[in-house]
Amino acid sequence: MSLLERAHAHAVRLGRDRIGGEELLLAVFDDGVGHALPDALGISRDVLVGQLEKAPSSPAAGTVDGYPVTTEVLDVPRSSGLVELVVGLLAAGGGAARVLGEHGVTEERVREAYARIWAPFLDENAVWGSSVACRPADPPAEIEALTSEIAEYRRRKEVAVDAQEYAQAGLIRDKEKEVERRRSVLIREWAATVDPVDLAEAVVSLRAEVAALRRI
């Protein structure tokens, strides 16, 4: 699923008939790497997601790939990498920019955070919605997608519980467990193909990245 498709899914979930900068950012945060961006910026991910979901809705001003989108989305070139996408949304001055601005997010801070977290994973030439560059021991994209889906189900479950909608929370939990089972099968299949040396190198690299994040 591309970034634009994930953004559309967020818009539908929020009852909006267009994709705005808020939905694009929510889609970025769904990604296995983008999920770490708010923390790298020193912002609570839950707080940032909540603010984006509650931001006032802007009307559609055009379409991209058949999806109605706001002016701020139209202003972000489709050939942009994810770094430029966030920077472009900041420059557009729409709802996404206002939410980020409340936390003092600037272009410099975005670039620093991306360079720190995404450099080992992301092809600098990738355009929004494209695949992450894989290393030998990186899990397949489908596993990453299911991981993001599980995170979203958990977030929705917490919202339902907070609203005391326990029946809804139970339904969401069942979907979460089904996705977890599918991911477990894929992980076992993938693990059987990974070279132990590649896996060991990935673990060493991950420990270094975690240590760097703790110093942020």
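A: Thr70 counts as buried because its relative accessibility is 2%, where buried means under 20% relative accessible area, exposed means over 50%, and partly exposed lies in between (1.4 Å probe, protein chains only). This is a predicted model, in which local features need pLDDT of at least 70 and side-chain atom pairs count only at pLDDT 80 or more, while totals for chains, interfaces and linings use all residues. Residues are numbered from 1 along each chain as its sequence is written, and side-chain values use heavy atoms, with hydrogens and water left out.

Thr70 sits in the loop that joins strand E2 (67-69) to helix H5 (71-74); helices (H or I, at least four residues) and strands (E, at least two) are DSSP runs, numbered from the N terminus. Once neighbours within four places in sequence are set aside, Thr70 has contacts (heavy atoms within 4.5 Å) with Arg18, Ile19, Gly20 and Gly21, and also with Ser58, Pro59, Ala60 and Ala61.

After H6 comes Gly93, which has a positive phi near 75°.

Helix H4 (residues 45-54) and helix H7 (residues 95-102) have axes that come within 10 Å and cross at roughly 145°, the axes being lines fitted to C-alpha atoms over the stretch in contact, with angles from 0 to 180 degrees between N-to-C directions. From H4, the residues that make the contact are Leu48, Gln51 and Leu52, and from H7 they are Ala96, Val99, Leu100 and Glu102. By class, this contact of H4 with H7 has five nonpolar, one polar and one charged residues, where Ala, Val, Leu, Ile, Met, Phe, Trp, Tyr, Cys and Pro count as nonpolar, Asp, Glu, Lys and Arg as charged, and the others, Gly among them, as polar.

For the chain as a whole, the secondary structure comprises eleven helices and two strands, and 39% of the 216 residues are buried. Of the contacts between residues at least 6 apart in sequence, 65% join residues at least 24 apart.

As for confidence, the average pLDDT (the predictor's confidence in each residue, from 0 to 100) is 81, and 81% of the residues score at least 70. Residues 121-126 have pLDDT below 50, and beyond near neighbours in sequence this stretch has ten contacts in the model. Where pLDDT is low, the predicted coordinates should not be read in detail.
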